[in-house]
Amino acid sequence: MTKTTATAHTNIALIKYWGKKDAQLNLPTTSSLSLTLDEFYTTTTVENSNIDQLIINGQMADPTRVHHFLDALRAELGDFSPLLISSQNYVPTAAGLASSASAFAALTAATTRHLGLDLPLTTLSRLARRGSGSATRSLFGGFALWQAGTNDQTSYANALPTPNIPISLLVVEISGLQKKISSSEGMLRAMTSPNYEQWVHDANWQITAMQAALQASDLTRVGQLAEDNALAMHALNLSAKDRRFTYFTPQTIQVLDLVKKLRQACLIAYATLDAGPNVKIITHSDQAAYIQAQLHQELPKLRVTIAHPGPGVSYEQ
Ligand code: PMV
């Protein structure tokens, strides 16, 4: 029986996706821009089966979300047989790092290749969006720009060619997770914030400013824009009119304080955070090991991984 395997790496948005125009199609309210990381990825193998089944890291998993996604693919590509999907996640999901981006990108690539289709990356990106918005960007290596678009056909990501910028990202895993609020639920609540309109307005110019900063290899500007954007996103959660919340824990704040201290010591260090308490620190590659050592000294219990720009989707024969 033939099997098809694809690998996709996770990505971290420097300008975030935080709100949907259409929840069914995962159409975002704003465009977003990300960096794909070398350290974290998902490898997925698909083969024909008699029902859609999902195995993650060797364990049977609830296939409901994947089943919905496969049905969206069936509606678009034509009916295909149920699939047995085996995924190996090299993303520390238990520590709250999102694996849905790499998982749905790898699944889209493996499934379409399994069906004998050789689709352009932008089409794979558009299809992956139906599983998880951030998956649109995980098909591409390096930096990617997800154009919000106006409908299902026009909302997908593209690679963003940039000069060889010496960027590293330190991923700080914070333990003691609070109860998880899914990104979809978080977005729904955030959109009730009185500041939401301002967020959309700012994201629109930040996307352009971030591209200019990347072209100029201006890491300080990249970091400032990313941190401003991320903290504004988390401020929406705190100011939601309907069931306000936060992903921050006391340790998140400790790491944010340390990032500020590193900047005061003239290092390049800026924070970004997603739908969880973990902090990712943007820095210059030459400073990453030093910052890792500082974190280890001040917060020895936290695991810190240094990540760099990673590759786009790949296949195994
Ligand atoms: O793709 P989702 O539904 O998991 O949402 C991702 C949301 C953020 O990670 C917080 C931001 C982003 O653009 O990746």
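## Cores and ligand site in a predicted model

Helix α3 (residues 121-128) has buried residues L124, S125, R126, L127 and A128. Buried means under 20% relative accessible area (1.4 Å probe, protein chains only). Helices are DSSP runs (H or I, at least four residues), and strands are E runs of at least two, numbered from the N terminus. Cover for the buried part of α3 includes α1 (64-77), α2, β9 (156-159) and β14 (314-316).

This is a predicted model: local features need pLDDT of at least 70, side-chain atom pairs count only at pLDDT 80 or more, and totals for chains, interfaces and linings use all residues. Residues are numbered from 1 along each chain as its sequence is written, and side-chain values use heavy atoms, without hydrogens and water.

The largest nonpolar core has 38 residues. Such a core joins buried Ala, Val, Leu, Ile, Met, Phe, Trp, Tyr and Cys residues through side-chain atoms within 4.5 Å. W18, V66, L70, I85, L107 and L139 touch the most other members. Helix α2 (residues 100-114) gives the most, with 6 residues. Domain 1 (3-163) and domain 2 (167-307) both contribute, so this core lies between them. Beyond neighbours within four places in sequence, L107 contacts (heavy atoms within 4.5 Å) T44, V46, V66, F69 and I85. A second, separate core of 29 residues includes V91, L169, A209 and I282.

Around the ligand are 14 residues (a heavy atom within 4 Å). Y17, S132, S134, R137 and S183 come nearest. Polar contacts are pairs of N or O atoms within 3.5 Å.

| Residue atom | Distance to a ligand oxygen atom |
|---|---|
| G133, polar backbone atom | 3.3 Å |
| S134, polar side-chain atom | 2.7 Å |
| S183, side-chain N or O atom | 3.0 Å |

The protein covers 92% of the 380 Å² of accessible area (Shrake-Rupley, 1.4 Å probe) that the ligand has on its own.

Terms used:
Buried < 20%, exposed > 50% of the residue type's maximum accessible area, 1.4 Å probe, protein only. Domains from an automatic or database assignment. Polar contact = N/O pair within 3.5 Å; in protein donor to acceptor, adjacent residues only side chain to side chain.
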